[in-house]
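Thank you all for coming. I would like to walk you through one structure this morning, beginning with a strand and then turning to the nonpolar cores.

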Amino acid sequence: MKQRIYIDTSVIGGYFDEEFSSESKWIFDQVKKRKIKIVYSQVTEEELRKAPEKVKELIKALHKDDVEFVKITDEAVELAEKYLADNVVGETSFADCLHIALATIHKVDILVSWNFKHIVNVSRIRGYNSVNLKKGYQTLEIRSPKEIIDYED
């Protein structure tokens, strides 16, 4: 069974950014080869509204069997609010908390992001996973695209 990888907006935008493009493109290549399934959310969709057209089209161009769209739910909002209440991140990072909550609730294999300040950060990851365990959820694997590349491929 192929891995389900939740990507946030930074990975999609990273496809067109010189600094992040090779690793971001690798992820999309793996999707096209049907080796992984991308999970993205209503949060991502809302964030993409302000993005250039080529960024918006990247997800739309993928085969529907290779992507999974998840909606914001009351359960996700409650979990995201718990991350904030436990001071994992500040109030301005609610969207980041929603990404984490949705990925947790939908039991993805890995959440991938280029956001090192609020998501891919050891202390933040420990905080998110501490809340997850306290609330009865499994821990969430959070990595940067660099960390998931299979160099044998």
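Predicted model: local features only at pLDDT ≥ 70, side-chain atom pairs only at ≥ 80, totals over all residues.

Let me begin with strand 1, residues 3-7, which is mostly covered, since 4 of its 5 residues are buried; buried here means under 20% relative accessible area with a 1.4 Å probe, counting protein chains only. Strands are DSSP runs of E with at least two residues, helices are runs of H or I with at least four, and both are numbered from the N terminus. Residues are numbered from 1 along each chain as its sequence is written, and side-chain values use heavy atoms, leaving out hydrogens and water.

Two strands pair if DSSP finds at least two bridges between them. Strand 1 pairs in the parallel sense with strand 2, residues 36-41, over 4 bridges, and there Y6 has V39 as its bridge partner. Strand 1 also runs parallel to strand 4, residues 110-112, joined by 3 bridges, with I5 standing opposite I110.

Which residues have the most contacts inside the largest nonpolar core? They are Y6, Y83, I100, L111, Y128 and I142, in a core of 27 residues, where a nonpolar core is a set of buried Ala, Val, Leu, Ile, Met, Phe, Trp, Tyr and Cys residues joined through side-chain atoms within 4.5 Å. Helix 6 (94-105) supplies the largest share of this core, 7 residues. A second, separate core of 25 residues includes I5, F20, I59 and I148.

Note on methods:
Buried < 20%, exposed > 50% of the residue type's maximum accessible area, 1.4 Å probe, protein only.
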